[in-house]
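Here is a short report for a first look at this protein. Keep the sequence and the 3D view open while reading.

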Amino acid sequence: MKPRLPAVRPPAFRGRLHDARTATSIGRWLGVAITVCFGTGLISHYLQHQPGWLVDVLPSRPVWGYRLTQGLHVATGIAAIPLLLAKLWAVYPKLFAWPPLRSVRHALERISVAVLVAGAVFELLTGLLNTVQWYPWPFSFVPVHFAVAWLLTGALLLHLAVKYPEIRAHWGRRSPGTLALPATDGPDRRSLLTGVTAAVGAVTLTTVGQAFTPLKAFDVLAPRHPDHGPQGLPINRTAATAGVGQVDSAAYRLTVAGPRPYTLTLDELAALSQHESVLPIACVEGWSKSAHWTGVRMSDLLRRAGAPPDARVRVTSLEKYGSYRVMEMGREYAHDPLTLLALRLNGQILTPDHGYPARVIAPNRPGVLQTKWVTRLEVL
Ligand SMILES: Nc1nc2c(c(=O)[nH]1)N[C@H]1C(S)=C(S)[C@@H](COP(=O)(O)O)O[C@H]1N2
Ligand SMILES: [Mo]
């Protein structure tokens, strides 16, 4: 007689895939992703919106610092999406808990979980849409994404505190006997975790090449490819979109305001001592790419205007409107020998979209602050 296969139990609410052990297994990786995402997000926020007391102490090294932290921010955010979906699936039966509220403690716990879930979904969704520069909402992305990150972190800490006994009981390899769980993981849980790992691997591998150039061949799902763009570098905002168009080189002037102000034509600027820096553009939206830049050192231009060695600088673009028209730099950046007013990219004169005739390139800085089409420097 043929051996009978054991009856397959349909996934039920009380099944082990919806238990605390599964929730802990997925939850700890989700926790790691969210923690890294939050930390790197703070770095990104304070580098972009520098509070006064930070301006002069923010370091311009390592040159790849922001490239790494923002690459991690976007990669961990993307990896957190399959993790969050799996985690929500593992715990969703709790949504139908009966009676819905057992006690004051239970009510508070459910409210904190509601904030946690809403915050996590909101952050991952708005972050993902921001990487493709799509803003289908009436509010401004940065302040709201930043504020909800704090809300999410608070709710997460509360959640970890409330769930601490369960997390502790299920963290290790073996389930404690007191909880009457099977001693080893069955194939169902292992399959689920393998599937989740594969999903995280797949979304990471197909997007991380936008920032981690060695994996660019696999970058099929990211909005940017490091090689797509003039002079081998992507573009976020073209000269046409910024309303700059083709700058007339004969009419162009660089004005440097300071104790000894002066004005240069493009030929005069190109006749000054030229230096080369190898620095990445690291866009807040997640792509980054290193390039060879040639131009005049910012510190040389400032010194010529009689700037003291700890002066800050304000940079103004030819762009008429737009949030990136004016940018300020603290002394660490302004006097770094790698910080250039670049005239050339990868050996060629800048194309209009890369900021012709002159743009800022500085180490360890968000792409939004690498101002293009520069026409004015002010010693502060
Ligand atoms: N004046 C000006 N500079 C700007 C921008 C802009 O919109 N206006 N965009 C910034 C952003 S968001 C990035 S990522 C970099 C991109 O530089 P690239 O287009 O040369 O790659 O330029 C920055 N410089
Ligand atoms: Mo950017």
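## The model

This is a predicted model, in which local features need pLDDT of at least 70, side-chain atom pairs count only at pLDDT 80 or more, and totals for chains, interfaces and linings use all residues. Residues are numbered from 1 along each chain as its sequence is written, chains are lettered from A and ligands numbered from 1 in written order, and side-chain values use heavy atoms, without hydrogens and water.

## The sheet

An open, mixed sheet holds 5 strands in the order S2-S1-S10-S5-S6. Strands are DSSP runs of E, at least two residues, and helices are runs of H or I, at least four, numbered from the N terminus. Strands pair if DSSP finds at least two bridges between them. S2 (262-265) and S6 (326-329) stand at the edges with a single partner strand each, so one side of each has no neighbour in the sheet.

S5 and S6 run antiparallel, joined by 4 bridges. One bridge pairs Thr-316 with Val-326 in S6.

## Ser-317

Ser-317 lies in strand S5 (residues 313-317). Why is Ser-317 counted as buried? Its relative accessibility is 3%, and buried means under 20% relative accessible area (1.4 Å probe, protein chains only). The Ser-317 side chain reaches the backbone oxygen of Lys-372 at 2.9 Å.

## Two helices

In H4, Leu-160, Ala-161 and Val-162 meet Tyr-164, Pro-165 and Ile-167 of H5. Contact here means heavy atoms within 4.5 Å.

How values were computed. Buried < 20%, exposed > 50% of the residue type's maximum accessible area, 1.4 Å probe, protein only. Polar contact = N/O pair within 3.5 Å; in protein donor to acceptor, adjacent residues only side chain to side chain.
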